[in-house]
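Hi there,

Here is the structure I promised to pass on. My notes follow below it.

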Amino acid sequence: MGQVLFIGVFGAASVALLLWLGMARRILASVRGSEERYRLLFDSAGDAIVMVDETSGRILDANRTALSWTGRSAADLIGDRFVHLFTQPLAGQVDGKATANALLGADGGVRPVETQSNVASWGALPVRQAIIRDISERVAMEQERRVAAEALASIAEGVIIADAERRVISTNAAQTELTGFTQGALQGRRLEETRCLPDGRVLPRSVWDGIAAGRNWIGEVQSTRSDGSHYPEQLSISAIRDADNLVVYYVAVFTNIHETKRQQRRLEHLARHDPLTGLANRAEFERRCADAIAVAERERLAVVVLFIDLDAFKIVNDSYSHAVGDRLLAKVAERIRNQLSDGDVAGRIGGDEFTVLLSRQGLREDARPLVGRLLAALAEPLVVDDYEVVLSASIGVAGYPLDGDSPQSLIANADAAMYAAKMEERNTFRFYTPMMHADTRRRLQMAAELRQALARDEFRLVFQPSVEMRTGRIVAVEALLRWQHPEHGEVMPGDFIPVAEGMGMIRRIDEWVMQAACAQIQAWDAAGVPPIRVAVNISARWFGHPAFVDGVSLALGMRQLPAQRLLLEITESAMLRLGDATARTMQTLATMGIEVAIDDFGTGYSSMAYLKLPAVAYLKIDRSFITGLPASANDAAITEAMLVMAKSLGLFTIAEGIETEAQHEFLLRAGCNEGQGYLYSYPLRPDEIQRLLSPSQQVVPTRLRLVPPKRR
Ligand code: C2E
Ligand code: MG
Ligand code: MG
């Protein structure tokens, strides 16, 4: 029984033990399994998890993420102080509350993190369980947002952000600066409420349709400021969409383009206008002209083009500084403009060439009164700086449809007419005739030939005697230029000198004349001809040139001629044009002992001031007064007055163009000193002069023709 009992108890105990063992194994297996699961969980967490002994602050355990972020092994990490993981102290850490810090990385870098910890108990051990979350992405995004916000606040462009209904949500500082509206004032209002198209229309639907379709809209609008004023705005609107591609925000960016537009207009103006005078330049003038022709063609009207050329402007420009020349042109432009009506266009198409366009005219001849006014206005003395300059103008007139049907042909024909005017007399105008074109062609041809004339030695001098009225003695000769043209024969100075002046060649021609005259004086001296005074005509161009005096003294010096052998003839109008420069040059000439005759006296604006200049010793009374003598009471009175005046100023007088005995008688009685004219002699070749002056010929009675009347 006892044995049975023992076996029973033992059996039961064994079963119980087996059962316990089985249970214990199961419990152990389950514990091991949950620990593995825990470990797996622990290690696979995206955040770093670190277990820290709360008392010592030392790390008890760390998950794989923690190892990876710190770049340290578990062995290295465990036992180290938790605080060593961060750049900042952990003070102020509150259970369950996330605090930002920076985790030290393996490579010395830091990772922005947020730590959150709780204290738990591992048995009796208080353990802090710290979860470290990587917040670099959030930090970067925040940074980006801050940069964007700052950029928005600081950019010069105005920015408005509006909701899907286009109601303003937010604006930047520049917006307020540009429009005067604060963000608050605009909030809830439609962003286009204070904007319209430049022509005043509201922004059309197409703008919003375009944006809805995904396109940016960029355009110019008129924006209203808070004070009610307007300004032009360059506006760009785009949309921000959500994941479903629906518009959630509108972003409008804008700038004030008032200044840009002003600059643009200024550039356009510069491209179309002459910067010196502000008048239309050639391209703009032609464009306006073409427009006017088109209108005239439709409405059967006329268009008139005036071509205005300043007489002798080049001389002024050479004699004064170019700055004075420029100011003079600006004043001329102003005078022209003052004469015009609204709709007329003034242009400057060359140095001293101006044009005027008159549209909607009935007839070309309707321009006549304006042309008269322009001539009068331009002949008025101009004061530039301290100088008073007298200019005059020549004007050519051409009209559509009579004289041309394109801007180019009208301008070219008005130019030809201007040239014809200038050739005949200065300070006048001409209407275009087809004949003038032939003249223009001839002029161009002549200019080309004239260029070669100096090199080919085609110029020569003839000399017209000047006779002492009382005795009939030849006391002087005047050198007059002739051009021996290879085909046309002898060309007179009146035909080619204006062309040479226009080409800027006259100075070189004058210099040649001076050299040739001095050479001739030397040759006559060598031939034993009694010494007489030789007069040389000087153009205003050369006289006004800085090298003029040197040129004259060089010519004299080369031949060792005394200054008294030479007389310089300068026209009254040339002296007037040169203004102050005249006085300076005259002073120098006087100190050199060179005398000057005022040629063609009485034809310009006579100025007593010039008669008193130091070198001026002779007055040549223009032929136009002599022709009418003695019959014309007017001419007689003027001539007598001029002779009296000259005498009172101590000037010698020479009458030009004496052709009749009666003229000679009159002038002799009136007290004229010398005379020149066909009555005494035509201009002669040097050898003829030599023969005339040789001692045997010297006793010639007064009022007898010295040479048979032969032309030239
Ligand atoms: P000017 O200096 O007044 O010269 C006088 C002009 O009148 C000369 O014409 C002369 O031939 C002409 N003449 C003289 N007596 C009579 C007369 O009794 N009746 C008429 N009808 N005419 C007379 P020319 O040689 O044709 O010269 C014309 C102008 O050309 C000159 O006027 C002068 O201004 C200019 N000229 C002539 N030679 C030169 C020169 O070498 N250099 C420059 N710069 N100009 C010159
Ligand atoms: Mg002369
Ligand atoms: Mg003369």
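Asp-599 is buried, with a relative accessible area of 6%, whereas Asp-600 is partly exposed at 24% (buried means under 20%, exposed over 50%, partly exposed in between, with a 1.4 Å probe and protein chains only). Please keep in mind that this is a predicted model, where local features need pLDDT of at least 70, side-chain atom pairs count only at pLDDT 80 or more, and totals for chains, interfaces and linings use all residues. Residues are numbered from 1 along each chain, chains are lettered from A and ligands numbered from 1 as written, and side-chain values use heavy atoms, without hydrogens and water.

Both aspartates are donors of the magnesium ion (ligand 3), together with two OE atoms of Glu-656, at 2.0 to 2.6 Å. Donors here are N, O and S atoms within 2.8 Å of the metal (3.2 Å for Na, K and Ca); water is not among the atoms, so the site may look incomplete. Along the chain the donors follow the spacing D-D-x55-E. Asp-599 also bridges to the magnesium ion (ligand 2), 4.1 Å from ligand 3.

Asp-599 turns up again around ligand 1, as one of the residues that come nearest among the 23 there (a heavy atom within 4 Å). Glu-656 returns too: a polar side-chain atom of this residue lies 2.9 Å from an oxygen atom of ligand 1. A polar backbone atom of Tyr-678 is 2.8 Å from a ligand 1 oxygen (polar contacts are pairs of N or O atoms within 3.5 Å).

Happy modelling!

Definitions and conventions: Polar contact = N/O pair within 3.5 Å; in protein donor to acceptor, adjacent residues only side chain to side chain.
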